[in-house]
Amino acid sequence: MASLDQLVKVIRETDTDKPSAEAREMLDDFLRASPAMWRGAGDMVEQAARHLIKAASGKSYAVNASMTRGWEQLPADLARPGDGELERLLVQQVVISWLHLSYIEYQYSAMTTMQDITIKRAEYWERRLSAAQRRYLRATETLARVRRLQLPAVQVNIGAQQVNQIT
Amino acid sequence: MARAGWSDLRPSGGAWVEGLHKKCDMSWEYRGNQRYYYRRRKVGGQMVTEYIGNGAVADLIARQDEIDRQRRAAAAAEWQAMVDEDNELAETIAAAGDLVNALTAGVLLASGYHTHRRQWRKLAGKVTDGQS
């Protein structure tokens with residue numbers, strides 16, 4: 001599987017005012033010929049969501065079931081007809097960021113209402129909360145941007161199926 | 001050398017320290033046949049020693065201090081475990097986000113966009129997205 005570092009390197013070479021034909025071709029090949037990268041991204045987001053649900057629910061079956069249901073339902077609610085692989089990933093990114101933000105907000109609220117909370121610990125949760133808010137905002141902006149740009153279709157082969165990344 | 005009957009009062013984990021004129025067992029100091037209980041803490045980067053007393057009352061205060069110390073250590077360990085778990089979770093989410101962001105950038109570039117001052121633009125030069 002092609003690595004994230006390789007993709008970032010190719011992106012850097014392509015993201016110029018006048019990218020060379022060679023660099024563009026390399027990026028096209030990379031995106032089309034690296035289905036494992038797309039599968040890997042989906043798996044990583046899924047794994048992160050399971051990790052988050054486990055951490056947030058602790059031993060509570062009810063919380064676990066509720067969050068799992070939310071994780072499965074929210075992407076379907078945010079999906080639009082004709083969404084491609086990229087939009088599907090971005091929707092997942094929005095949902096996981098929202099779940100993480102909710103989890104941090106809950107922790108922050110629980111901690112700051114404790115009588116013996118120290119300034120250091122309150123600051124820790126404030127930093128965490130700000131980071132989660134930024135990540136959520138960025139995820140929603142990216143999804144909105146990709147949808148607004150209405151990119152032309154780019155196809156990628158994932159397994160035996162040919163899937164449109166962008167429609 | 002510890003005196004008979006006192007060893008059971010030594011705080012757990014206490015280490016004997018040989019000084020020039022005194023022996024210290026954590027916060028106990030021994031002079032002659034007497035021992036004296038002190039609290040030591042850092043105030044503004046300097047070590048401050050506060051004399052508490054001797055005798056049975058000092059023993060009780062020392063035991064209470066030891067219980068408080070153990071309670072604080074347990075709370076600190078619990079906090080550290082929570083922070084470690086939280087960091088691990090944040091890293092997992094960030095790693096997934098990095099990959100999704102890289103793929104997004106890749107698709108945008110492959111579709112004829114590039115970044116100019118953190119804005120995505122068509123290569124022709126027309127601004128297509130006002131968001132950064």
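Tutor: Let us begin with the term itself: a residue is called buried when its relative accessible area is under 20%, and exposed when that value is over 50%. Please keep in mind that this is a predicted model.

Student: Is S97(A) then buried or exposed?

Tutor: Because its relative accessibility is 1%, S97(A) counts as buried. The residue belongs to helix α5 of chain A, which spans residues 85-112.

Student: Which residues does S97(A) touch, leaving aside those up to four places away in sequence?

Tutor: With those sequence neighbours set aside, S97(A) is in contact with R135(A), Y136(A) and A139(A).

Student: Where is V95(A) placed, and what is its relative accessible area?

Tutor: V95(A) is also found in helix α5 of chain A. Its relative accessible area is 2%, so V95(A) is buried. Apart from residues up to four places away in sequence, V95(A) touches W71(A), L74(A), P75(A) and L78(A).

Student: Let us turn to packing. How is a pair of packed helices described?

Tutor: Two values are used, namely the angle between the two axes and the distance between them. Consider helix α5 of chain A and helix α6 of chain A, residues 119-149: their axes come within 9 Å and cross at roughly 160 degrees. An angle over 145 degrees counts as roughly antiparallel, and α5(A) is therefore roughly antiparallel to α6(A). The crossing of α5(A) with α6(A) is left-handed. By class, the residues of this contact comprise 17 nonpolar, 7 polar and 6 charged.

Student: At what angle do helices α3 and α4 of chain A cross?

Tutor: Helix α3 of chain A (residues 35-57) and helix α4 of chain A (residues 61-78) cross at roughly 155 degrees, and their axes come within 9 Å. The angle means that α3(A) is roughly antiparallel to α4(A). Here the crossing is right-handed.

Student: How does the description apply to α2(A) and α1(B)?

Tutor: Helix α2 of chain A, residues 21-32, packs against α1(B) at an angle of about 130 degrees, and the axes are 10 Å apart. The two helices, α2(A) and α1(B), are therefore oblique to each other. Their crossing is left-handed. On the side of α2(A), the contact is made by R24(A), L27(A), D28(A) and L31(A); on the side of α1(B), by L103(B), G106(B), V107(B), L109(B) and A110(B). These residues fall into 6 nonpolar, 1 polar and 2 charged.

Student: Which elements make up each chain, and in what order?

Tutor: Chain A contains 6 helices and 2 strands, in the order α-α-α-α-α-α-β-β from the N terminus. Chain B contains 1 helix and 7 strands, and its pattern along the sequence is β-β-β-β-β-α-β-β.

Student: What share of the contacts in each chain joins residues 24 or more positions apart?

Tutor: Among contacts with a separation of 6 or more, such pairs account for 63% in chain A and for 20% in chain B.

Student: Finally, how much of each chain is buried?

Tutor: In chain A, 41% of the 167 residues count as buried; in chain B, 36% of the 132 residues do. The accessible surface of chain A is about 9,600 Å², with 52% of it belonging to carbon and sulfur atoms. For chain B the accessible surface is about 8,100 Å², and carbon and sulfur atoms account for 52% of that area.

How values were computed:
Residues are numbered from 1 along each chain as its sequence is written. Chains are lettered from A and ligands numbered from 1 in the order in which they are written. This is a predicted model: local features need pLDDT of at least 70, side-chain atom pairs count only at pLDDT 80 or more; totals for chains, interfaces and linings use all residues. Side-chain values use heavy atoms; hydrogens and water are left out. Axes are lines fitted to C-alpha atoms, for helices over the stretch in contact, and angles run from 0 to 180 degrees between N-to-C directions. Helices (H or I, at least four residues) and strands (E, at least two) are DSSP runs, numbered from the N terminus. Angles under 35 degrees count as roughly parallel, over 145 as roughly antiparallel, 65 to 115 as roughly perpendicular and the rest as oblique. A crossing is left-handed if the near helix is turned anticlockwise from the far one by less than a right angle, and right-handed if clockwise. Buried means under 20% relative accessible area, exposed over 50%, partly exposed in between (1.4 Å probe, protein chains only). Contact means heavy atoms within 4.5 Å. Accessible areas come from the Shrake-Rupley method with a 1.4 Å probe; for residues, only the protein chains shown count as cover. Ala, Val, Leu, Ile, Met, Phe, Trp, Tyr, Cys and Pro count as nonpolar, Asp, Glu, Lys and Arg as charged, and the others, Gly among them, as polar.
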